[in-house]
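Take a look at the model below. Keep the sequence at hand as you read.

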Amino acid sequence: MITIIVASTIDLAIGNHGDLIYHISDDLKRFKELTMGHPIIMGRKTFESFPKGALPGRRNIVVTRNREYSAPNIETAFSLQQAITLCKHDDHIFIIGGGEIYRQALPLADNIEMTVINQKKPEADTRFPHIGSDLFTPPSTFDYVDPKSGVEYSFINIALRPDRPATFPGTEATSAQGT
């Protein structure tokens, strides 16, 4: 199963200047709980935004065009397809960003685990791709309030391909490259 995991404002803002829009403690805990023990695939810029490098307890795969790129405790792939192929023996992988990797992953993903934040951020420089109002409409009410920032948010799961078997794509080549 391929799961996209993302925190987004209602206008689909996910980042600004290489950082998350909001640091919501419960969202970060949920991210850790869901991804622990599973491979995580991300673009280079997303990886470089982690202050302590690779996330522990998970196989970190970084998609980059730079064939010389390396960092401690990561594997590199030169396309999203190659990264997914590296995980062919895993039962569940998570796509964790950023914007370009999310765009490439949408046609391949089974579902999206989304934290929807009841804010708009027009100044954001990175957005989650539009997935259509038939799949995503922001909630009319929100389940939680972050005590630090005061923002309202909800956790939602969006099934993208409920009829698709939980298998990974083969090793077909793709022309799309990660960051």
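The paragraphs below go from the sheet to a hairpin, then to ring contacts and a pocket.

This is a predicted model, in which local features need pLDDT of at least 70, side-chain atom pairs count only at pLDDT 80 or more, and totals for chains, interfaces and linings use all residues. Residues are numbered from 1 along each chain as its sequence is written, and side-chain values use heavy atoms, with hydrogens and water left out.

Start with the sheet. Helices (H or I, at least four residues) and strands (E, at least two) are DSSP runs, numbered from the N terminus. Two strands pair if DSSP finds at least two bridges between them.

Now follow β11. Strand β8 (residues 111-117) pairs with β11 in the antiparallel sense, over seven bridges. There, I112 stands opposite I158 of β11. β10 also runs antiparallel to β11, and two bridges join them. V145 has E152 in β11 as its bridge partner. β10 and β11 form a hairpin, with six residues between them. In the turn, G150 has a positive phi of about 80 degrees.

Rings of Phe, Tyr and Trp (its six-membered ring) pair if their centres lie within 6.5 Å; planes under 30 degrees apart count as stacked, over 60 as edge-to-face and the rest as tilted. The count by this rule is five aromatic pairs. One of them joins Y144 and F155, and this pair is tilted, at 5.4 Å centre to centre with 45 degrees between the planes. Y144 belongs to strand β10 (residues 144-145) and F155 to strand β11 (residues 152-159), eleven residues apart. Y144, Y153 and F155 make up one aromatic cluster.

Y144 has 37%, so Y144 is partly exposed. F155 is at 23% and also counts as partly exposed.

Next comes F78, in the loop between β6 and α3 (80-86). F78 has 16% relative accessibility, so F78 counts as buried. The charged end of R67 sits over the F78 ring, 4.2 Å from its centre. For this, NZ of Lys or CZ of Arg must be within 6 Å of the ring centre and within 35 degrees of the ring normal. R65 is 13 residues from F78 along the chain, yet their C-alpha atoms are separated by 5.4 Å.

Last, the largest pocket. Its volume is about 1100 Å³. On a 1 Å grid over the protein atoms alone, a pocket is an open set of points where a 1.4 Å probe fits, with protein on both sides within 12 Å along at least five of seven lines; lining residues have an atom within 4 Å of a point. The lining has 40 residues, and L20, T46, S49, F50 and I96 lie nearest the centre. α1 gives the most to this lining, with six residues.

Note on methods. Buried means under 20% relative accessible area, exposed over 50%, partly exposed in between (1.4 Å probe, protein chains only). Grid points are joined across faces, edges and corners, and a volume is the space filled by probe spheres set on the points.
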